[in-house]
Every structure is written in C-alpha cells, then in structure tokens.
Amino acid sequence: MAMGDETMSGRSRPSMADVARHAGVAPQTVSRVSNGHTNVDPATRQRVVESMRALGYRPNGAARALKSGRFNTIGVITFTLRTFGNTRTLDAIAQEAARAKYAVTLIPVPDPTMGKVFGAYDRLSEAAVDGVILVFEAHLLDTAEFSLPPGVPMVVVDSGTGPGYTVVDTDQAQGARQATEHLLELGHRQVWHIAGPPTSFSAAHRVESWRRTLRDAGVAPPPVLYGDWTTRSGYQHGLALGRRPEVTAIFAANDHMALGVLRALHELGRRIPDDISVVGFDDMEETHAFWPPLTTVRQDFAAVGRLSLQKLLSKIGRTGPDTVDKTLVPTRLVVRASTGAPPPAPEGEARRR
C-alpha cells in the first residue's frame, strides 16, 4: 500500500493515492481536481474535495512548501470591489501582506450566498494558501447562519458572522453615535438618516446606533430612508427631505450619498448648513473639496486591513488551539463646514420633531 510522505513532525502525510482510494476514484481524477481542471463531474469533484478534507490532504502547491510548512500566500474572498470601504480595506490587506512577504489570491463572489462563499472557500482550501480573509459585509441570501468547515485559518472583516470566528471591523455603532450626537448637540431637534442597503451589516449597525442615540436623547426616530451607497440614491432622498421645511439635519451612511444630498439641497436653494446640516460617513479623500466641505465620520480602513492580516498571520503561526476574538477599530468625527446650528423656528411656531 502506498503511503504518504513523512511530515516534519514524523506523522504520515496523506498522498494523492490515499485520497483516490478514499474517494473511490483514479489518481488522475484527484490530480485534475487538485489543479482546478473543469473536466470533472461536479459530484465526483465534491467527493474528492471531501476526501481531501477528511484526510487532511493539501493539494496543488502543497508539496513544494512542505519543507517550510508555508506557502506565503493568503486568500481573500469578497462580495464586491465597487464600494469605497472594500477597496480601501483590500488595499491595506495587500500592503500589509507585501510587508510580511506574502502574496494575495483574491476571489470575488458575485452573489452573497452561502453556496458561493463555500465554493470560493473550497477553491482556496484546494490551492496553496496559508489562510483566508473574508470581507463579509452583506447578509447571506440563502441561509440564516454563516458556517464554514474548519481547516484553513480564517479572519472575517465585518461583524455579522456570529460567534466562532475572529472578526475585525470598524466600530460602526460608535461612528453613528458620534454623527447623531454632533447634530443633536448643535441644537437640532431631529436627525434624519439615509441608510445603506438593508442587506449590509455595516448599514444595519449604523441604523441601530442612530435610533438608540435618538431615543436616549428623548427623540422618536423618524422612518429610515434606505439608499444603495450611491450619489444617485442620496440625491433622490435629498430632494425629498429638502422639500420638507421641518428637516434641519441629515446623517447619510456614507460620503457618496452625502454628496448626492448636497447636490439636491443646492438645486432646491436650501443653504448648507444655515437651513440644513449634513453629515457623512467614511471620510473619503475628496470630502474636504465638497461644497461646503463635509462633516463626516472617519473610518480607519488601513487599520482594519492591517489588523485582519496580522491576526491571520498569528493564526497561521500558532501551534496550539485556535482562539477567536472581535476587534473594533475606533472612528473619529471630522467637523467641517456642512454642519451648524439649526435655523430659528418661525415666531410662534414650534418646529416639528
């Protein structure tokens, strides 16, 4: 019987032949699955992958790295590259990986489903990666729970996965509280919120904190206005809010939507901040050039990316039991010219809350 090679610890390492016997297929089939060839029946491929996982087999480039025990490559799974936060976070991960002399393999997942995530995780598990970072900012559409099999070390960027995973995220609740409290402290009696899409974890955390902050101040929160992170959605909601004389303060869940609000208010002839104050979230490089310059909440994407990579590398180098924790990176309110005290209510008329 063919035996696997010896590992550095002296234990027998499963070979391709071991996987073939376990899965009931030819060694050539295992080789095709290991190298990512598509000419394998899906059911057969799944059976081979399950045998690899059951035996602890690391295919593809694993043999070349067995002497060092490292591939010096990490995998990253993300749902979208279109949002400002994701691109900045991925840039920070890549920069920190380069400093640690690691390469990055990126797999975009087009749909936020557990099936798609599992497929991407499988691909990375089969490839020569030491660990995986999952940039997980959206609710899954096909399941209520997030669950991946153990094996490859993993860190999750965002905070919607539940217990059992190491998470790094911006303190979304702190940022929304800072924005809302700033407007209340200026004297505004109500703060309207243009949120991100309902599928977004970060948007949900900001909505929850905005509501809680208003209630703690004795203010009944108005209905949430949901956008999609784009300037167009901010513009549309800005037109609707700008036509309401009782609206004096708007908190947009990102700077792009805040920019759309500014345009809408300018078109309506509403003065900023004399008539309506506007706060964003992110602190994009361009916000100082908005007119007026935008008050916003600064997210430290560089710290989120750097910490996620550092935590993953610590897991890769750990020999004992894995540990999980949650790290929230603080936000900071950046006050510019788009916020100020509300206009006085017309004489003899209380402004509606």
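**A conversation about the fold and its salt bridges**

Q: How much of the chain counts as buried?
A: Of the chain's 353 residues, 52% count as buried. Please keep in mind that this is a predicted model.

Q: And how many helices and strands are there in the chain?
A: The chain contains eleven helices and twelve strands.

Q: What share of the contacts comes from residues 24 or more positions apart?
A: Taking contacts in the chain with a separation of 6 or more, 72% are between residues 24 or more positions apart.

Q: Let us turn to the sheets. Which strands form the open sheet with parallel pairing, and in what order?
A: That open sheet has six strands, and their order is E2-E1-E3-E4-E5-E11. Its edge strands are E2 (103-108) and E11 (326-329), each of which pairs on one side only. On average, neighbouring strands of this sheet are turned by 20° against each other, with direction ignored.

Q: How many bridges do E1 and E2 share?
A: Strand E1 (residues 73-78) pairs with E2 over six bridges, in the parallel sense. Within that pairing, valine 76 has leucine 106 in E2 as its bridge partner.

Q: What holds strands of a sheet together in general?
A: Strands of a sheet pair through backbone hydrogen bonds, in either a parallel or an antiparallel manner.

Q: Which strands does H5 lie across?
A: Helix H5 lies across E1, E2, strand E3 (131-135) and strand E4 (154-157). Its direction is at about 175° to that of E1.

Q: How do E8 and E9 run, and how many bridges join them?
A: Strand E8 (residues 249-252) and strand E9 (residues 277-282) run parallel and are joined by three bridges. Phenylalanine 251 stands opposite valine 279 in E9.

Q: Changing topic, how do H3 and H6 pack?
A: Helix H3 (residues 42-55) packs against helix H6 (residues 114-126) at an angle of about 60°, and their axes are 11 Å apart. That angle makes H3 oblique to H6. The crossing of H3 past H6 is left-handed.

Q: Which residues make the contact?
A: From H3 they are Arg45, Gln46, Val49 and Arg53. From H6 they are Phe118, Asp122, Arg123 and Glu126.

Q: Now for charges. How many salt bridges are found in the whole structure?
A: A search of the whole structure gives eleven salt bridges.

Q: Which residue meets glutamate 96 in a salt bridge?
A: Its partner is arginine 99, with a distance of 2.8 Å from N to O between the side chains. Both residues lie in helix H5 (residues 84-99), where they are three residues apart, about one turn of the helix.

Q: What does glutamate 208 form a salt bridge with?
A: Glutamate 208 forms a salt bridge with arginine 212, and the closest N and O atoms are 3.6 Å apart. The two are four residues apart in helix H8 (residues 201-216), so about one helical turn separates them. Glutamate 208 counts as partly exposed at 46% relative accessibility, and arginine 212 is partly exposed with a relative accessible area of 36%.

Q: What is the salt-bridge partner of arginine 263?
A: Arginine 263 forms a salt bridge with glutamate 267, the closest N and O atoms being 2.8 Å apart. These residues are four apart in helix H10 (residues 255-268), so they too are separated by about one helical turn. Arginine 263 counts as partly exposed at 48% relative accessibility, as does glutamate 267 at 46%.

Q: Which residues are linked in a network of salt bridges?
A: Arg271, Asp274 and Asp275 are linked in such a network.

Notes. Residues numbered from 1 in each chain as written. Predicted model: local features only at pLDDT ≥ 70, side-chain atom pairs only at ≥ 80, totals over all residues. Heavy atoms only, no water. Salt bridge = Lys/Arg side-chain N within 4 Å of Asp/Glu carboxyl O. Buried < 20%, exposed > 50% of the residue type's maximum accessible area, 1.4 Å probe, protein only. Pairing = 2+ DSSP bridges. Axes fitted to C-alpha atoms, helices over the stretch in contact; angles between N-to-C directions. Parallel < 35°, antiparallel > 145°, perpendicular 65-115°, else oblique. Left-handed = near helix turned anticlockwise from the far one by under 90°. Contact = heavy atoms within 4.5 Å.
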